[in-house]
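Me: Please take me through this model by way of its strands, its salt bridges and its surface.

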Amino acid sequence: MATFLYKLGRLAFRRRRFVALIWVALLALAGVGAATASTATSSSFSIPGTEAQRAFDLLEERFPGASADGATARVVFKAPEGEKMTDAVHKAEVREIVDELSSGSPQVASVTDPYQAQAVSRDGSTAYIQVSYKVSSMELTDETRTALEDTGGDARDRGMTVEIGGDALQVMPETGATEVIGVVVAAIVLVITFGSLVAAGLPLITALIGVGVGVSTITALGTVLDLGSTTSILAMMIGLAVGIDYALFIVSRYRAELAEGREREEAAGRAVGTAGSAVVFAGLTVVIALAGLSVVNIPMLTKMGLAAAGTVVIAVLIALTLIPAGLGFVGKRIHGRKARKADEAAEAGRTAGAEDAARTAAEESGGESGGEGGAGRARAGEKPNMGTRWARFVLRRPVAVLVTAVVALGAVAVPAASLEMGLPDDGSQPTSTTQRKAYDLLSDGFGPGFNGPLMVVVDGKAEHNAKAAATRLTDSVEKMDGVVAVTPATLDKSGDTATVTVIPKERPSSVATEDLVHSIRDAGGEIAADDGATVLVTGATAMNIDFSEKMNDALIPYLALVVGLAFLLLILVFRSVLVPLKAALGFLLSVVAALGAVVAVFQWGWLGGLFGVEQTGPVMSMMPIFMVGVVFGLAMDYEVFLVTRMREAYVHGERPGEAIVTGFRHGARVVTAAAVIMMAVFAGFIGSSESMIKMIGFGLAIAVFFDAFVVRMAIVPAVLALLGHKAWWLPRWLDRALPNVDVEGEALRKHLGDASDDGAGNDGGPGGERELIRA
């Protein structure tokens, strides 16, 4: 692979104008497609195989005009102090609003009169209008949504409180200015790392081109593939992070190759052949993790994962082609001014035959790139960089470092034991929103359960006993604890299907409501056994409960699939059993710690004000499995980039301790910069107005922090130091069976005929360092 990528890098460098033209053309084509595509609707939220989904499908069949999965809204009224909603003037105003809503849009399916539907509280202070639409919330036109938002203006003028809840007001989430701040932070980190505006700008520009191609393609295909409103945001989040990181690693290796005195085209080829191999395998782990979300069998999650995986593939292709092409355009400006002057001095020294001046220039040029590579070998007398000093410290105290890191992550992970999962509803909205105000008004006037009514569907088509079964069910449910009210059964035209609405006592996301759903389903099972009628519980609340349970059930199989495939991939990369095992266990520790932090902030409210969390509540149901998928892929990036340099040094003759120091000397600074950049990009999405995006941004940012700086920088070297040569053990039969993918570039060096002159750092450091490590 390294030889192929080497040739690809040189080809892209030579044909840089052609390569750049291809990517610009792809960006333009995707942009035109996105601009001309119709507005994407919300991805249909279906959960195949669940009872709630079967009930929705049955309702669509038996009550075709009811729009069971259409958007809904509740216009909630509260009378002024000392007045009641049953007063004549308020009655007239509300009924006028009912008429306006009914005729205000062709997308309206039905509007209920609160005085006929008994939607007035017992004390008469509160009433609500239920509005049902024929289409989902994202398919509502601006005119329809505006008509809903403008509802009740005259009523407010007369002193009534009017608030609107429901998913009809759901709009495309906004990410806010902090997303831009994340990119700015990434730019600053790149400038500090490279010491050159040009070198810093190249990864940013190429990453933005890749994200532009990916997101524009998603937008163009949004309507055709029924992609959700958050799909493009997720793809942007992950594509931008990995795009910058992959470019960073290749540019760093390119500068290191230049510092070894190689020509620009040769340096570009070698950078793509070595660092590019790590990029390919790191990208594969991310793609496996994201594409693996399809095993959960939730269409929305599958589409999000595949779209994000596609963006990662684009980021890898750009790193392998557009980056070397860009290196050809920037020329010597890839170095900062100081380094360029040093190169000129070195050239002058070589011309004059001053070998000492040439060596000084090479050292100064390498010193600027620090941990990114610099000179391939650590020379005697060279001041060790931070990565080298940290690696030596860990080698002296591996047990203390390992125990401290594990205990620290374990302490942060403690809140994860109290994890409560659910899907966000209006009760989790910020208190300043009209949805949250409507939720609170309904809770105060009718009880919390009115915000999440349950719909029970009785299918008696086979036995023609829907009415009798519904009556028996109603009698049974009314006697259950936690039930406020049960409406009479409503039959379809044929009399084969009945619907019953159950109002729980507690709020939709409570454990009591979940228990009530299971109790109703148990009662339905008894009816099915005795009468042959099928009883199904659905509604938004039941759908959320089924979704959470499906997430829980899928977590272990998904974890086994993704970690298993990645484990096999890492065995192929590192040709070791214990190194991939250590990588997987370290990831699990970091992701559990990240979940603990999410619980502490979003569920318990710790530091909630700092992160803009106005309302605490259960953690989003998909968060654990989503974090496992995304964070595992990203965590393996750092594992591949850091440990491949160690493996490279070990293969070329260094002792285990020396190889650890070599890997940190060349990779620690770059991995640190990459992690800070990725954290900045993810943290930028914490400013989103959508609670799901905010939680994902925080969770991924904190997970990257734990994995990069605690697991990869502390636990990994400590474990490798304790294992010694055993870390790189591989059974002989497995060694013979595995294909050699040549991530270390050994075949490339043989191909180029310079096995003795590698830039990986064959000599591991000064003699004094070798003696320290051996001791």
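This is a predicted model: local features need pLDDT of at least 70, side-chain atom pairs count only at pLDDT 80 or more; totals for chains, interfaces and linings use all residues.

Reply: Residues are numbered from 1 along each chain as its sequence is written, and side-chain values use heavy atoms, with hydrogens and water left out.

Me: In what order do the four strands of the open sheet stand?
Reply: Strands here are DSSP runs of at least two residues (E), and helices runs of at least four (H or I), both numbered from the N terminus. Two strands pair if DSSP finds at least two bridges between them. Strand E2 (108-111) and strand E4 (161-165) each have a single partner strand, so they stand at the edges. With antiparallel pairing, the order is E2-E3-E1-E4.

Me: How many bridges join strand E1 to strand E3?
Reply: Strand E1 covers residues 72-78 and strand E3 residues 126-133, and the two run antiparallel. The number of bridges joining E1 to E3 is seven.

Me: Are Glu 639 and Arg 712 buried or exposed?
Reply: Their side chains meet in a salt bridge (a side-chain nitrogen of Lys or Arg within 4 Å of a carboxyl oxygen of Asp or Glu), at 2.6 Å from N to O. Glu 639 lies in helix H22 (residues 623-651) and Arg 712 in helix H24 (residues 691-723), 73 residues apart. Buried means under 20% relative accessible area, exposed over 50%, and partly exposed in between, with a 1.4 Å probe and protein chains only. Because Glu 639 has 1% and Arg 712 also has 1%, both count as buried.

Me: Which class of accessibility does Asp 440 fall into?
Reply: Asp 440 forms a salt bridge with Arg 436, the closest N and O atoms being 3.1 Å apart. Both lie in helix H17 (residues 434-445), four residues apart, about one turn of the helix. Arg 436 is buried at 12%. Because its relative accessibility is 28%, Asp 440 counts as partly exposed.

Me: Why does Ile 192 count as exposed?
Reply: Ile 192 lies in helix H7 (residues 178-194). The reason for the class is its relative accessibility, which is 57%.
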